[in-house]
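Subject: Handing over a structure

Dear colleague,

I am passing this structure on to you, and below it you will find notes on what was found. Please read them with the structure open beside you.

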Amino acid sequence: MAENGTFALRLERVQDYEFKAIFDQEHLAPLTLDEPPPLGHNRGPNPSRLLGAAVGDCLSASLLFCLQRAKIEVKNIKTTVTGTLVRNAQGRLRIGKIEVHLMVEVAAEQQRMIRCLELFEDFCVVTASVRRGIPIDVLVTNPQGEELYRDAGPPVEAFS
């Protein structure tokens with residue numbers, strides 16, 4: 001969230017469909033990416049899973065940031081991301097939908113969270129960008145499973 005400007009990374013092929021992502025920040029360890037069989041050997045997440053992780057992490061961090069600024073103690077956030085693969089008219093696989101469930105546990109009265117729940121998605125760089133092409137549903141619950149917030153996002157045109 002504090003980043004401005006640009007970012008960079010490079011991918012180097014290790015073998016078969018396995019690549020190593022090397023980031024522009026030297027302190028970050030390289031990340032192994034790979035496709036599941038039959039193409040790859042599943043030695044790391046594939047691009048679809050990385051996209052899901054990016055969306056889930058961005059939403060989690062955005063909500064946490066807002067709650068902390070509101071001086072609401074966050075005991076825990078657990079995020080589950082589910083991606084659905086679909087085929088377009090040409091039979092090519094696409095990510096048809098991403099569903100994100102954030103379970104947030106706070107020490108304060110849940111009513112104090114309302115403003116953050118109204119704002120946090122708009123400050124998530126990744127979700128706002130990806131949502132231009134992939135529907136993203138967001139659900140926030142408390143540890144008891146009570147729904148605190150739900151957003152199905154704006155509709156996106158069907159794949160052609």
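From the N terminus on, the elements of the chain run β-β-β-α-β-β-α-α-β-β, which comes to three helices and seven strands; helices (H or I, at least four residues) and strands (E, at least two) are DSSP runs, numbered from the N terminus. Please keep in mind that this is a predicted model, in which local features need pLDDT of at least 70 and side-chain atom pairs count only at pLDDT 80 or more, while totals for chains, interfaces and linings use all residues. Residues are numbered from 1 along each chain as its sequence is written, and side-chain values use heavy atoms, with hydrogens and water left out.

As for the chain overall, its C-alpha atoms fill a box of roughly 50 × 40 × 30 Å, taken along the principal axes. Its accessible surface comes to about 10600 Å², of which 51% belongs to carbon and sulfur atoms; such areas come from the Shrake-Rupley method with a 1.4 Å probe, and for residues only the protein chains shown count as cover. Of the 160 residues, 29% count as buried, where buried means under 20% relative accessible area, exposed over 50%, and partly exposed in between (1.4 Å probe, protein chains only). Among contacts (heavy atoms within 4.5 Å) between residues at least 6 apart in sequence, 49% join residues at least 24 apart.

The structure holds two disulfides, a disulfide being a pair of cysteine sulfur atoms within 2.5 Å. One is formed by Cys58 and Cys124, with their sulfur atoms 2.4 Å apart. Because Cys58 lies in helix H1 and Cys124 in the loop between helix H2 (114-119) and helix H3 (125-130), this pair ties together parts that are 66 residues apart in sequence. Cys58 counts as buried at 12% relative accessibility, and Cys124 is buried with a relative accessible area of 0%.

The other disulfide joins Cys66 to Cys116, S to S 2.4 Å. This pair links distant parts of the chain, with Cys66 in helix H1 and Cys116 in helix H2, 50 residues apart. The torsion about its S-S bond is about -85°, so the disulfide of Cys66 and Cys116 is left-handed, and both cysteines are buried. With bonded cysteines counted along the chain, the disulfides follow the pattern 1-4, 2-3.

A polar atom of the Asn46 side chain lies 3.0 Å from the backbone nitrogen of Arg49. Leaving aside residues up to four places away in sequence, Asn46 touches Asp34, Glu35 and Pro36.

Val74 has its place in strand S4 (residues 74-87) and counts as partly exposed, at 21% relative accessibility. Val74 and Glu105 are 31 residues apart in sequence, yet 6.1 Å apart in space, C-alpha to C-alpha. Again not counting residues up to four places away in sequence, Val74 touches Leu64, Leu67, Val104, Glu105 and Val106.

Finally, Leu9 is in strand S1 (residues 9-15) and counts as partly exposed, at 43% relative accessibility.

Note on methods:
Polar contact = N/O pair within 3.5 Å; in protein donor to acceptor, adjacent residues only side chain to side chain.
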